[in-house]
Amino acid sequence: MEIPVVRNVLEANERIAARLRADFTRRGILVLNLISSPGSGKTSLLERTLNDLSGEFRMAVIEGDLQTDNDARRVAASGAQAVQINTEGGCHLNSSMISEALQSLNLEGLDILFIENVGNLVCPTEFDCGEDAKIALLSVTEGDDKPQKYPYLFRKAKAMLLNKTDLLPYVDFNVEKARVHARAVNAELAVMEVSCRTHSGLDAWYDWLRAARKAKKEASHD
């Protein structure tokens with residue numbers, strides 16, 4: 001039986017998310033919501049992306065975490081705009097938090113906004129933040145059966161990044177099994193193998209970003 005209060009919270013969140021999405025579309029800003037377990041490498045991926053594509057895109061980051069501004073300071077070192085949301089124990093970001101955080105960002109001329117969600121594979125997937133796409137990160141230090149155990153995230157995501165592939169010789173992780181499990185719940189999922197340490201596979205991620213940004217820019221002119 002569905003609990004009314006939960007339904008009401010989600011519906012209120014979706015109303016704000018819809019307003020955010022409409023504004024992002026009007027401005028032509030591509031918004032990506034990065035979701036993973038703690039320690040999967042979201043911040044490292046953002047650091048690398050912001051530095052490598054700084055001459056190509058104007059980017060900003062909304063950082064979500066339980067405590068501290070450590071991650072926001074790391075990504076801000078790239079020169080990108082960054083704002084921290086501390087949830088004080090909350091397990092996810094929601095559209096109201098994003099709306100408030102946007103007051104601290106200059107959206108004029110922005111190309112891409114990254115939302116680094118709280119490390120959690122469940123609750124962040126439930127709450128729409130006005131993004132164009134959810135991006136799932138799966139580190140090879142985790143199990144290759146994660147897409148089976150947490151299918152909702154991989155069903156909702158548009159891309160999955162298998163991160164820390166430089167560690168494959170040292171861990172018991174089967175890349176092909178992870179791909180099969182993920183595609184079983186989402187046949188359209190884009191899958192990329194990357195290592196932020198060695199730069200391996202990052203060109204495929206950057207090409208995906210370029211295509212997504214181009215599609216968003218064209219949609220804003222329709």
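Glu88 is exposed, its relative accessible area being 56%; exposed denotes a value over 50%, buried one under 20%, and partly exposed the range in between, with a 1.4 Å probe and protein chains only. This residue sits in the loop between S3 and H4, and its phi is near 55°, a positive value in a residue other than glycine. Most residues other than glycine have a negative phi. Thr68, also not a glycine, has a positive phi of about 70°. Its place is the loop between strand S2 (59–65) and helix H3 (70–76), where Thr68 is partly exposed at 40% relative accessible area.

The model is predicted: local features need pLDDT of at least 70 and side-chain atom pairs count only at pLDDT 80 or more, whereas totals for chains, interfaces and linings use all residues. Residues are numbered from 1 along each chain as its sequence is written, and side-chain values use heavy atoms, with hydrogens and water left out.

The loop between strand S3 (81–86) and helix H4 (95–101) also holds His92. With a relative accessibility of 16%, His92 counts as buried. Beyond its neighbours within four places in sequence, His92 is in contact with Thr87, Met97, Asn117, Val118, Cys123, Pro124 and Phe127; contact means heavy atoms within 4.5 Å.

| Residue | Relative accessible area | Class |
|---|---|---|
| Glu88 | 56% | exposed |
| Thr68 | 40% | partly exposed |
| His92 | 16% | buried |

The chain contains nine helices and seven strands, which are DSSP runs numbered from the N terminus (helices: H or I, at least four residues; strands: E, at least two). Its radius of gyration is 17 Å, close to the 17 Å that the globule rule gives for 222 residues, so the chain is as compact as a globular protein of that length. This radius is taken over C-alpha atoms, and the rule is 2.2 Å times the number of residues to the power 0.38. The C-alpha trace spans about 50 × 45 × 40 Å along its principal axes.

Of the 222 residues, 48% are buried. Among contacts with a separation of 6 or more, 74% join residues 24 or more positions apart.

A UniProt record, an unreviewed entry, lists residues 32–191 as "domain: CobW/HypB/UreG nucleotide-binding"; such annotations may be inferred rather than shown by experiment. Over residues 32–191 the chain is 31% helix and 22% strand, and the end C-alpha atoms are 16 Å apart.
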